[in-house]
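Visitor: Please take me through this structure by question and answer, beginning with the terms on which residues are classed by accessibility.

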Amino acid sequence: MITIAYMTNRRNPRFEWFADSLASQAPREDVEVVVIDFHHGERDLPEACRHHGFRAKGSKPKPTVWQGEGRLTNRNFFAAANARNTAICLARGDYIAFVDDVSVLAPEWFQNVQAAAMSSRVACGTYQKVKKLEVSNGRVVRFERYFEGEDARLLRASGDCMQCPADWFFGCSCGAPIQAMLHINGYPEMCDGMGYEDSETGKTLRRAGYPLFFYRGMKTFESEEAHHEDQPFDRQDYGVSPNDKSHALLRN
């Protein structure tokens, strides 16, 4: 079984875009959806997936000092590693794929996830941030290109699937065998409060012996405007370069 983890802390994550697009691609019997939602309890996002016949469940991120009820900070900070590790803890599948909010799956997204899962490969998907994105029944109707939102990795990619550098592991669309994620103890939570957890996880997977593969068809379209509707959770790279948190992470 494949677990698809959807991550959000937004008031309006356009969850129906994801649910409808997944419903047009994936078999119900082989998929479960895990929604990690900062606002879980105030709403039931997984209901849209259950409506399509998927097994689906939701949860807040597990307790962390950076955000939510257990925080020790005076405001909410970005803590994606903790949220993604929550999804790994809840997953029942042998393979987990991650999707970010305010996005819709391209028509061949699940087909590529399935191919990666069957080969037990770490998969790096791609994205396209666009403006004025319109979606109907899980399919992109129209959008305006946003050149700053293009995925620069595509300029270096060849073919539909290729082995790729470790830092191509972007969180917006990616996948890995659950055992690989458990082997490295999940995403590095020392990144919380700052970010960069996705590419650092790719490097850790590669050093642990897992090659990474770039799947051109594992693509999502993201709404650029929707990214700016809410006040973003804070991020800080404490210290002065090169004696700052991000460099300490790289050395570690």
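Guide: Relative accessible area, taken with a 1.4 Å probe and protein chains only, sorts residues into buried (under 20%), exposed (over 50%) and partly exposed in between. The model is a predicted one, in which local features need pLDDT of at least 70 and side-chain atom pairs count only at pLDDT 80 or more, while totals for chains, interfaces and linings use all residues. Residues are numbered from 1 along each chain as its sequence is written, and side-chain values use heavy atoms, with hydrogens and water left out.

Visitor: How many salt bridges does a search of the whole structure find?
Guide: A salt bridge is counted where a side-chain nitrogen of Lys or Arg lies within 4 Å of a carboxyl oxygen of Asp or Glu. Searching the whole structure on that basis gives a total of 16.

Visitor: How many residues apart in sequence are the parts that Lys62 and Glu189 tie together?
Guide: Lys62 and Glu189 form a salt bridge whose closest N and O atoms are 2.8 Å apart. Helices (H or I, at least four residues) and strands (E, at least two) are DSSP runs numbered from the N terminus. Lys62 belongs to the loop between β3 (55-59) and α3 (80-90) and Glu189 to the loop between α5 (178-183) and α6 (197-207), so the parts tied together are separated in sequence by 127 residues.

Visitor: In which loop does Asp234, the salt-bridge partner of Arg75, lie?
Guide: The side chains of Arg75 and Asp234 meet at 2.8 Å, N to O. Arg75 sits in the loop between β3 and α3, and this pair links distant parts of the chain, 159 residues apart, with Asp234 in the loop between β10 (212-223) and β11 (239-240).

Visitor: What is the relative accessible area of Lys132, which forms a salt bridge with Glu144?
Guide: The closest N and O atoms of Glu144 and Lys132 are 3.4 Å apart. Glu144 counts as partly exposed at 39%, whereas Lys132 is exposed, with a relative accessible area of 54%.

Visitor: Is strand β1 mostly covered or mostly open, and how many of its residues are buried?
Guide: In a regular strand the side chains alternate between the two faces of the sheet. From β1, Ile2, Ile4, Tyr6 and Thr8 point one way and Thr3, Ala5 and Met7 the other, and all are buried. Strand β1 (residues 2-8) is accordingly mostly covered, its buried residues numbering 7 of 7.

Visitor: What is the handedness of the crossover from β1 to β2?
Guide: Two strands pair if DSSP finds at least two bridges between them, and β1 pairs with strand β2 (residues 31-37) in the parallel sense over 7 bridges, with Val35 as the bridge partner of Tyr6. A crossover is called right-handed if, with the strands pointing away from the viewer, the path from the first strand over the helix to the second runs clockwise. Here the chain passes from β1 through helix α1 (residues 15-23) to β2, and the β-α-β crossover is right-handed.
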